[in-house]
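Here are my notes for you, written as numbered points. Keep the viewer open and click along as you read.

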Amino acid sequence: MNDPAPRARHRLSTALWIVPPLLAGSALRLLGCARQILGSDELHAVRAALSQPLSSILVTYQANDNCIPLTAFYRALLDLGTTFSETTFRLPILAAGIALLALAPLAAERYAGRAPAALFAWLLAISPILALYSRIVRSYMPIVLLTFAAAIAFFAWLESRRWRYGIAYVALASLAVYFHLVSGPFVLAPFVFAVCDGLPRSRRHDGRWRPLAVLLGSLLLGLAAFTLPALGSLRQIVAAKRGGSVPGAGALISVLELQAGTAQPALLCLFWGAALAGLVLLCRRHARFAAFTATLVLGQVAGLLVLAPYQLSFPVVLDRYLIVVLPWVLLWVASAWSLPGPAPGRAEAPRAPGWQWARWALAGIFVAALLAAGPFADPALRTTSFAHHDDFVLFSCPRPSLAEADIPPFYRQLAGARDAALLEYPWSAWMSWQSLLVYQQVHRQEIVVATPAEVIFDDPRLALRNMVPADPERFLASRARFVVVHLDPPAEESRVRQPPCGGRPPRSIRRPRLRQALQQWGRDMAAELARRWGNPSYRDGSIAVWDLDRARAAGAAKPAEGLYWNAPAAPALGQSAPAAPGGKAARAAGSS
C-alpha cells in the first residue's frame, strides 16, 4: 500500500516555496490596477468587440492588432449580456499573468531543481515587464503563458515520446500564434533543436524522424485551422507589418534594462552575467534542457531579425516581441544562484549547511536589490492612472517633465487632498497626453477622463470607472470631485520636456485636425459648463475648473459664484455649443 505521508509532505514543502512569491507577484500585478485608464493600443480589442459581430471578428486580422481570440472572447461575453468595466477587460490578462507565476516554477523544478525553481518564482513575481503586461489589455501575457507551456510540453514529448505531450504542444503552440503572430518563431524553434539534437545519432532509415514530422504536420494543421478563415486579411497584415529596421545600440541596451527590470549599471551587469553563468550551470545539471532553452531564446531573436516587423527598432516594441523569452532568461539567472544539482541518474553529494544559508542570503539580497532598483520603488508608479503608458512601461528612459512655471497652480494646491478625483477633458486615445501624466505626479489624485472622440464611452454595455461620455450630466454622475477643462491641450503638450533616450519614438500631436479639434472641444465645453454652472472655481490661461460637488449640491440649477483660488484671467471662451459625444466630426478628427 502506498504511504500518503511522503506525498503530503511534498505538497506542503511545495506550497511553502511557491505560495509566497505567488502572493507577492499577484499583489504587484494588482497594485493600482483599478485606477488605470484604458488607453492607446488597449482600446483596439475594446473597440472591435463593441462594434463588430463575432462572425466578422473570427475571420478578420486588423491592422491595429486587436487579437482575434481575445476580442472574440469579449464579444461572446457581451452577447451573453455581460456588462464590462475596466476590470472585466483586464481579467483574462491578469489570469494569464498569475497562472504563469504558479505553473512556470513548478514546471521548471523538474529540470532545474527546487532551489533554482524557488528563486525563479521570485524573479517572475517581481519582473516589471511581466507584471505590467499582466494588466495591459493586449495579447502579450497570454502568449508568454502559452509559449512557455508549449515549450515544456515539447521537451517532455522529446524525452518521453508520449503523444499526450505532443498533443498539448500542438494545441498550446497553435493558440499562441493565434493570439499573436510574433510567437511564430518561438514555437518553431523546438523543431530546430530536435533536428540538431537527433542528427548526430540518427541513421538514414531508422525512422527517427517520423514522429517529429508527424508533430510538425500536426502543428501546421493547427495553425491552418486558426488562420485559414482569415487568410485574406492575414496576407495584408503580414505585408503591412514588414519593414522594421535593425535595432540600434541604444535600443538594445534599453531592452536589456527592461528585461532585467533595472537601469542601474552594476545591477544590470550582474543580472546578465548571472544569466550567462546560470546557463552554464544549468548545462552541468541538465545539458539537453539547457541547450533547449538557449535554442528557444536564439530562435525568437533570429526570427524577429528575419521577419523585421514594423517599429522593431523602438525598444518598447522590441521588448514586447521578446517578452516570450523573458521567463527563460529569468530561469538562467535563477540557476546561477545555486550549485549545479546532480545530472539525471547520479546521486547528489552532501553540501555544508553554511553554504545553503549563504546561497539563500545572496539570492534574497539580489531579489531585493532588483526590486529596489526597479520601477516598483518609484512612488509615481503607485499613484499614477497611466502605468500602462509607454512612459512608464519604458522605465529604462527618464520620464517627461514640465517646468515649474508650466504646471497650473491648481494641481499643486490639490496635493495631499482626500477624495479629490479629477475629470480631465478633453482626453484622446490618439495622443500621448504626457502633460496629464506629469500633472498627476504633482497632484497625486485619481483621474477620470472624457472625450467626444470615442462613441464607445457611451455604450450601455459598459460600466467604466475611469471613463465617462463628454456630457455635463455624466460628469455629475461620475466619481470625480472636479472637472478640469483644458483650453488648449496641444499648447500644454508642446511645453513637455522629453529627455533623450536611445530608440524612444518621438511624441507629438501630428494630426492637424486633431490639434484643432482638441482646442475646439475644450473651449466649447468650458463655455457650456459656464452657461450651466456659472463661473469656474479656478481658471488660468490653460485650464478652467468646476467643483462638481458644488454643482451637485445646487442641483446644477444655480450658477456657482466666486473663485476658490486667485489666478490669471482666462482667455475669452468660445460661445459655440459643445460637439455631440461621439459625433462624426469628433471621430473624423481622431482618425485623421
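1. You'll find D419 in the loop between α21 (409-414) and β1. Its backbone deserves a look too: phi of D419 is near 50°, which is a positive value in a residue other than glycine. Bear in mind as you go that this is a predicted model.

2. Now step back to the whole chain. How many helices and strands are there in the chain? The count is 27 helices and 6 strands. The chain has 592 residues, and buried ones make up 54% of them. If you take contacts between residues at least 6 apart in sequence, 79% of them join residues at least 24 apart.

3. There's another positive phi to check, at Q311. Here phi is near 65°, and again the residue is something other than glycine. Q311 sits in the loop between α15 and α16 (315-321). Is Q311 buried, exposed or partly exposed? Its relative accessible area is 30%, so Q311 is partly exposed.

4. Stay with loops for a moment and go to P426. The peptide bond leading from Y425 to P426 is cis, and its omega is near -5°. P426 itself belongs to the loop between β1 (422-425) and α22 (434-443).

5. On to helix pairs. Two packed helices are described by the angle between their axes and the distance between those axes. Take helix α10 (residues 184-198) and helix α15 (residues 287-307): their axes come within 8 Å and cross at roughly 130°. That angle makes α10 oblique to α15, and the crossing is right-handed. On the α10 side, the contact is made by P185, F186, A189, P190, V192, F193 and D197. On the α15 side, the residues are R288, A291, F292, T295, L296, G299, Q300, G303 and L307. Sorted by class, this contact has 10 nonpolar, 4 polar and 2 charged residues.

6. A second pair to look at is α4 (68-79) with helix α5 (residues 86-112). The axes of α4 and α5 come within 11 Å and cross at roughly 135°, which makes α4 oblique to α5. This crossing is right-handed. Which residues meet here? From α4 come L70, F73 and Y74, and they meet T88, F89, P92 and I93 of α5. By class, the contact of α4 with α5 has 6 nonpolar, 1 polar and no charged residues.

7. While you're on α5, pick out E109, which is in that helix. E109 has 18% relative accessibility, so this residue counts as buried, the cut-off being under 20%. Setting aside its neighbours within four places in sequence, E109 is in contact with W17, R114 and A117.

8. The buried residues in α9 include G166, Y169, V170, A173, S174, A176, V177, Y178 and F179. An α-helix has 3.6 residues a turn, so residues three or four places apart point the same way.

9. Helix α17 (residues 326-335) is largely enclosed by the rest of the structure, because 10 of its 10 residues are buried. Those buried residues are L326, P327, W328, V329, L330, L331, W332, V333, A334 and S335.

10. Finish with A363, in helix α18 (residues 353-372). Is A363 buried or exposed? At 4% relative accessibility, A363 counts as buried. Apart from its neighbours within four places in sequence, A363 is in contact with L119 and W337. Try the distance to W122 as well: A363 and W122 are 241 residues apart in sequence, and their C-alpha atoms are 9.8 Å apart in space.

How values were computed:
Residues are numbered from 1 along each chain as its sequence is written. This is a predicted model: local features need pLDDT of at least 70, side-chain atom pairs count only at pLDDT 80 or more; totals for chains, interfaces and linings use all residues. Side-chain values use heavy atoms; hydrogens and water are left out. Axes are lines fitted to C-alpha atoms, for helices over the stretch in contact, and angles run from 0 to 180 degrees between N-to-C directions. Helices (H or I, at least four residues) and strands (E, at least two) are DSSP runs, numbered from the N terminus. Angles under 35 degrees count as roughly parallel, over 145 as roughly antiparallel, 65 to 115 as roughly perpendicular and the rest as oblique. A crossing is left-handed if the near helix is turned anticlockwise from the far one by less than a right angle, and right-handed if clockwise. Contact means heavy atoms within 4.5 Å. Ala, Val, Leu, Ile, Met, Phe, Trp, Tyr, Cys and Pro count as nonpolar, Asp, Glu, Lys and Arg as charged, and the others, Gly among them, as polar. Buried means under 20% relative accessible area, exposed over 50%, partly exposed in between (1.4 Å probe, protein chains only).
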